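These notebook entries record what I looked up in one structure. I kept them in the order in which I made them.

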Amino acid sequence: MAALAGSYSMPLIGVSIFIAALTYTTYKLLSSYVHKWFQMKPIPGLEGTYPFIGNALQFETNAGDFFKQIVEYTTEYSNAPLLKFWLGTLPFLVLFHAETVEHWAKVASAEKDADSHLPLLHPDGLLGGDERADRDPGGEAKQDGREGMSDIISRRQRTPWFWFGFVYNYFGEGREHDKILKILHSFTYNVIHERSENIQYNESDSDSDQGTKKRRAFLDMLLKATYEDGNKMTHQDIQEEVDTFMFEGHDTTAAAMNWVLHLLGSHPEAQSKVQQELQEVFGTSDRPVNTEDLKKLRYLDCVIKEALRLFPSVPFFGRNLGEDCHINGFKVPKGANAVVVTYALHRDPRYFPDPEEFRPERFLPENSTGRPPYAYVPFSAGLRNCIGQRFAMMEEKVVLSTILRNFNVEACQTREELRPLGELILRPEKGIWIKLEKRLHKD
């Protein structure tokens, strides 16, 4: 009888421990949620907020409708110092005023990326691809895969019940998400592995390149870099950096250049000014662009900046607040997510009169005086702003100047026909169509 009782006691103890752990975890989560709910109650928020569900049922599932809805909320609450909404049990602050973004930036050192809190916002979400991409590198298949991943990530952002990994993997698109990431990670892994072998081979040849000083590639520096304690970067650390440079800077610059070409094709007077500047710098020469040329392309620089104002490549970005803080007079608890809506921020009529108008002259030095630095943040803001922003501007100038030296551009759509989709990258719903006409006489 004692043996029989003992055989039942072990499973009962295990079940009891599990129930106790589940109860404690639920209590902690519930108490944290209730604490945030009451602490953030003074902050203006959307109507129709329900406990545990928040405002999730109010948001549209279609990407275009969702983005339009967010922009409409920023207009409706334009006089409010902050805007709050809840997705499930997670609070979000929407920031779209320069002074509010500046307050947020002051506590940036205490922040961490939102992706460390929400797996759906992980940068890997930008590394989309599909099996066809292996057979067609750089072709349409790879682009379709990236856009497909963007769709997957943005859909998950709008459906809080899929934020839980178990639910997403078994009832959502988790497996497809992981499949695509595996393909892209294998690509960057092979790049790192091959370069590592080349470095080892070159270092073993003591007679090669003696007395010469070679510029080291970025990847070479990563492979040889060490931390302060003397340890080298792990393969995962290196791969994360390579992922960032090889993929995250691709779609953003491509999207920005698409918007520039549409805007110039819709405004022939601005296009004429750009081509006049190109004529002054290059004449009738077909020589490649160099760094000195880029410094002289001041009006093209204004055009790119104005395009990024109207259509920022990343329409909003988020951070998870790492400690309690005050933003614009309101106390915000640790764990809240701050979302800066650059698309709305850049349309503040106080700093950009007639904000929907395309006016590159806004960014001439004499017209930028007195404008708050946080009124225009196309490359994010704070300590975690885009590491490649200067490179992105140089890249866009090189590509756009090359196109405009050889072609006249005409837009085939009106601004109203380009319905922006506010996903990970700001894209028009049905793409951008332009007409290129060869410039026979560069005058």
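**Entry 1: Trp-259**

I began with Trp-259, which is buried at a relative accessible area of 1%. I take buried as under 20% relative accessible area, exposed as over 50%, and partly exposed as in between, with a 1.4 Å probe and protein chains only. The model is predicted, so I note that local features need pLDDT of at least 70 and side-chain atom pairs pLDDT 80 or more, while totals for chains, interfaces and linings use all residues. Residues are numbered from 1 along each chain as its sequence is written, and side-chain values use heavy atoms, with hydrogens and water left out.

Trp-259 sits in helix α9 (residues 235–266). I use DSSP runs numbered from the N terminus: helices are H or I with at least four residues, strands E with at least two. Leaving out residues up to four places away in sequence, I found Trp-259 touching Phe-311, Leu-418, Leu-426, Arg-427, Pro-428 and Ile-432; contact means heavy atoms within 4.5 Å. The Trp-259 side chain also reaches the backbone oxygen of Leu-426 at 3.1 Å.

**Entry 2: the chain as a whole**

I counted 15 helices and eleven strands in the protein chain. Of its 443 residues, 44% are buried. Among contacts between residues at least 6 apart in sequence, 70% join residues at least 24 apart.

**Entry 3: strand β1**

Is strand β1 (residues 83–87) enclosed or open? Five of its five residues are buried, so β1 is largely enclosed by the rest of the structure. Leu-83, Phe-85 and Leu-87 point one way, and Lys-84 and Trp-86 the other.

Strand β2 (residues 90–95) runs antiparallel to β1 and is joined to it by five bridges; strands pair if DSSP finds at least two bridges between them. Leu-83 has Val-94 as its bridge partner in β2. Two residues lie between the strands of this hairpin, where Gly-88 takes a positive phi near 65°.

**Entry 4: Lys-397**

Lys-397 belongs to helix α15 (residues 389–406) and is buried, at 10% relative accessible area. What does its side chain meet in a polar contact? The partner is the side chain of Asp-301, at 3.4 Å. A polar contact is a pair of N or O atoms within 3.5 Å; within protein, one must be able to donate a hydrogen and the other to accept it, and residues adjacent in sequence count only if both atoms are side-chain atoms. Beyond four places in sequence, the contacts of Lys-397 include Leu-294, Leu-297 and Ile-304.

**Entry 5: salt bridges**

My search of the whole structure gave 15 salt bridges, each a side-chain nitrogen of Lys or Arg within 4 Å of a carboxyl oxygen of Asp or Glu. Asp-293 and Arg-287 meet at 2.7 Å, N to O; Asp-293 is buried at 2%, whereas Arg-287 is partly exposed at 30%. Glu-292 and Lys-295 meet at 3.2 Å, and they are about one helical turn apart because three residues separate them in helix α11 (residues 291–296). Glu-306 and Arg-309 have their closest N and O atoms 2.8 Å apart, and both residues are buried. I also noted one network in which salt bridges with shared partners join Asp-65, Arg-419 and Glu-429.
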